[in-house]
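Let's take a friendly tour of a protein model. Have a look at the sequence and the structure first, then read on.

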Amino acid sequence: MALDRKDLAILAELTTNARASHTELANKIGLSSTALARRQKALEDDGYIQGYQATLDLAQFGLTTTVLVRIALESQSDDALKAFEAEVVKCPSVVRCFLMSGTDDYILIVLARDIQDFERIHRTELSRLPRVARVQSSFALREIVNRAVPTVVFGETKR
């Protein structure tokens, strides 16, 4: 399915307010509620929309410390990668994990309550991951940008 301006407008609106009603979206985009509902269903069926979720204020849960953890494995063999990946998904404090190019094999995003909590996470979760040769951690001081989707996807390239 080729996306047109109306489809992109629907997606842009839903990324900022996934709870918007069909009527509300239709009015903003200039469609009837029926046409909007049909287009939204097609976007879901075609995989452009993979789900809807609430954005939580993690500070309300005491998770105020974001840590970027760089991991180097002792080997980049298929067995080492598979072993690490099978275990890192079990770490409850890891919210994102990326296989990387360059000097680090993985970058993890870890959420913790504070530095002491991160020490516990390091000791009980990260240090137990298989085939790890090196762990380096950096603490985020402040979040500047947090977008689910880059605005360029919707044709918005303004800064």
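Helices (H or I, at least four residues) and strands (E, at least two) are DSSP runs, numbered from the N terminus. One place to start is Gly30, which follows α2 and has a positive phi, near 90 degrees. This is a predicted model, where local features need pLDDT of at least 70, side-chain atom pairs count only at pLDDT 80 or more, and totals for chains, interfaces and linings use all residues. Residues are numbered from 1 along each chain as its sequence is written, and side-chain values use heavy atoms, with hydrogens and water left out.

**Helix α2**

- Helix α2 (residues 22-29) has Leu25, Ala26 and Ile29 as its buried residues (buried means under 20% relative accessible area, exposed over 50%, partly exposed in between, with a 1.4 Å probe and protein chains only).
- An α-helix has 3.6 residues a turn, so residues three or four places apart point the same way.
- The face turned away from the buried side of α2 carries the exposed residues Asn27 and Lys28.
- The packing partners of the buried residues of α2 are α1 and α3 (33-45).

**Strand pairing**

- β1 pairs with β3 in the antiparallel sense over seven bridges (two strands pair if DSSP finds at least two bridges between them), and Leu68 stands opposite Ile109 in β3.
- β1 also pairs with β4 (residues 132-139), in the antiparallel sense over seven bridges, and here Arg70 stands opposite Gln136 in β4.

**Ser93**

- Ser93 sits in the loop between α4 (78-88) and β2.
- Is Ser93 buried or exposed? Ser93 counts as buried, because its relative accessibility is 10%.
- Beyond its neighbours within four places in sequence, Ser93 is in contact with residues including Ile109, Arg120 and Glu125 (contact means heavy atoms within 4.5 Å).

**The largest pocket**

- The largest pocket holds about 1800 Å³ of space (a pocket is an open set of points on a 1 Å grid over the protein atoms alone, where a 1.4 Å probe fits, with protein on both sides within 12 Å along at least five of seven lines; lining residues have an atom within 4 Å of a point).
- Gln53, Thr55, Asn146, Arg147 and Ala148 are the closest to the centre of the largest pocket, out of 41 lining residues.
- α1 gives the most to this lining, with five residues.

Key
Points joined across faces, edges and corners; volume = space filled by probe spheres on them.
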